[in-house]
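Colleague: I am new to this structure and would like to learn how to read it. Could we go through some features together?

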Amino acid sequence: MKKLALHWQIMIGMVLGLFFGFGMTYFDWGKEFVINWIAPLGTIFIKLLKLIAVPLILASLIKGISDLKDISKFRNIGLRTIGIYVGTTTVAIILGLVLVNLIEPGNGISEETIEKLTSTYANDEGVTAKLEEASRQKESGPLKFLEDMVPDNAVSALGNNQLMLQVIFFTIFMGISMLLIGEESARPLKKFFDSLNDVVLKMVDLIMLTAPFAVFALLANVVVSSSDPEILLALLKYAGVVVLGLFLMIVFYATLVSVFAKKNPFWFLKQLSPAQLLAFSTSSSAATLPVTMERVEEHIGVDKEVSSFVLPVGATVNMDGTSLYQGIAAVFIAQALSFDLPLPAQLTIVLTALLASIGTAAVPGAGMVMLVIVLESVGFPPDKYAIGLALIFAVDRPLDMLRTVVNITGDATVATIVAKSVDKLHDHPKAANWDDHYDEVK
């Protein structure tokens with residue numbers, strides 16, 4: 001009997017998780033059972049992915065740079081990557097602003113709904129935490145994100161998943177230094193990182209064996225922890241605009257892959273689908289990064305020289321889905337609270353959301369921290385920040401799941417385009433299986 005493809009296994013896990021979660025909500029003990037006995041399985045899975053994220057970046061990026069043997073090639077890849085990331089993020093923000101101005105979802109929100117959402121969420125721990133984090137980020141200087149990229153202790157940077165940019169900086173610094181000391185001197189260290197890279201990729205294969213069960217647990221937990229269905233229905237129009245924008249971004253990516261990489265967009269999305277499904281389940285680009293790299297390299301055919309730089313950087317600075325959401329959410333809140341946002345103010349949103357996306361961590365809920373910074377940039381009254389966040393807090397988690405899918409799809413798209421532009425996109429990639437060398441050790 002032919003084994004089901006991984007994306008079908010994960011999808012079955014998602015569907016069963018949703019049904020199981022909804023079923024448990026009908027029992028008084030159901031929510032507690034899922035939280036205590038089911039959710040930990042998903043949490044362990046996410047921890048395992050985060051466990052190997054930093055070693056994977058370290059090994060993969062050093063291997064990619066050291067294989068180049070020419071610093072000018074790395075410069076070309078870096079400049080093209082940053083340029084395309086800025087371009088796609090700008091498109092995402094503008095698309096979001098166009099949709100929210102055309103559909104005007106905020107104009108349909110009644111005063112009663114606003115009061116109910118405010119009383120329910122304005123003092124919620126999640127909302128207050130986002131406001132405090134945004135306040136800390138706003139107090140920093142204009143070049144703070146550059147300062148934060150440079151670690152003062154490599155060990156502490158490597159030991160903290162929140163400091164991904166510092167890890168990337170240190171790794172690039174080491175990789176370039178290895179090139180400059182010559183191939184002979186760098187060979188022992190290069191062999192170590194080549195071997196470490198193979199080991200970490202094998203760890204990805206082993207972790208992915210549990211993916212369908214983990215996705216089941218993650219989705220069941222999301223369902224039993226969801227908000228009041230009546231509140232969700234009240235925000236359906238707003239959520240619909242965000243979902244429409246995210247769908248159009250996927251179409252945009254598919255078009256870019258077809259035009260610039262000369263690849264079938266449906267084939268591209270199929271190869272990437274396991275990473276997309278995991279991004280949906282985990283709401284974290286950083287947690288999904290090991291799987292994204294594995295799919296892009298072994299199934300889409302992007303050379304490690306390109307993927308090892310483009311994807312880790314993208315997981316940290318490229319948040320197209322989140323940036324699109326910034327534009328829609330900011331204008332939606334302004335519409336609902338009758339705050340005028342003229343065209344110059346909306347152009348400010350484009351620039352602010354673009355800059356905010358660079359220094360924001362690739363973790364669940366980071367979009368709401370960015371949103372406060374965006375609202376502040378257009379002169380939104382500070383005393384209404386909590387009300388603004390309360391308006392969208394109820395549907396933030398499901399929308400966060402969807403925009404993370406767009407974020408990692410954007411990363412994979414840029415990696416594919418950059419690889420094609422430097423002739424590093426292979427037509428017949430070979431995927432590794434977890435048991436390729438099992439016969440040697442059993």
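Colleague: Let me begin with Asp194: is this residue buried or exposed?

Modeller: Buried means under 20% relative accessible area, exposed means over 50%, and partly exposed is in between (1.4 Å probe, protein chains only). Asp194 has 18% relative accessibility, so it counts as buried. Salt bridges with shared partners join Asp194, Lys190, Lys63 and Asp67 into one network. Before going further, note that this is a predicted model, where local features need pLDDT of at least 70 and side-chain atom pairs count only at pLDDT 80 or more, while totals for chains, interfaces and linings use all residues. Residues are numbered from 1 along each chain as its sequence is written, and side-chain values use heavy atoms, leaving out hydrogens and water.

Colleague: How do I read a salt bridge, and how many does a search of the whole structure find?

Modeller: Side chains of opposite charge can pair when their charged atoms come close. The rule here asks for a side-chain nitrogen of Lys or Arg within 4 Å of a carboxyl oxygen of Asp or Glu. The search finds 12 salt bridges. One of them links Lys190 and Asp194 at 3.0 Å, N to O. Both residues sit in helix α9, 4 residues apart, about one turn of the helix. Lys190 is partly exposed, at 21%.

Colleague: What does Glu184 pair with?

Modeller: Glu184 forms a salt bridge with Arg187 (2.8 Å, N to O). The two are 3 residues apart in α9 (residues 183-208), so about one helical turn separates them. Glu184 is exposed at 57%, whereas Arg187 is partly exposed at 35%.

Colleague: Where does α13 kink?

Modeller: A bend is the angle between axes fitted to the seven residues ending at a residue and the seven starting there. In α13 a kink of about 55° lies at Ser273, shortly before Pro274. This helix is mostly covered, with 14 of its 18 residues buried.

Colleague: What happens just after α13?

Modeller: Ser283 takes a positive phi of about 60° there, in the loop between α13 and α14. Lys262 also has phi near 60°, a positive value in a residue other than glycine, and is found in the loop between α12 (236-260) and α13 (265-282). Ser283 is buried at 2%, while Lys262 is exposed at 61%.
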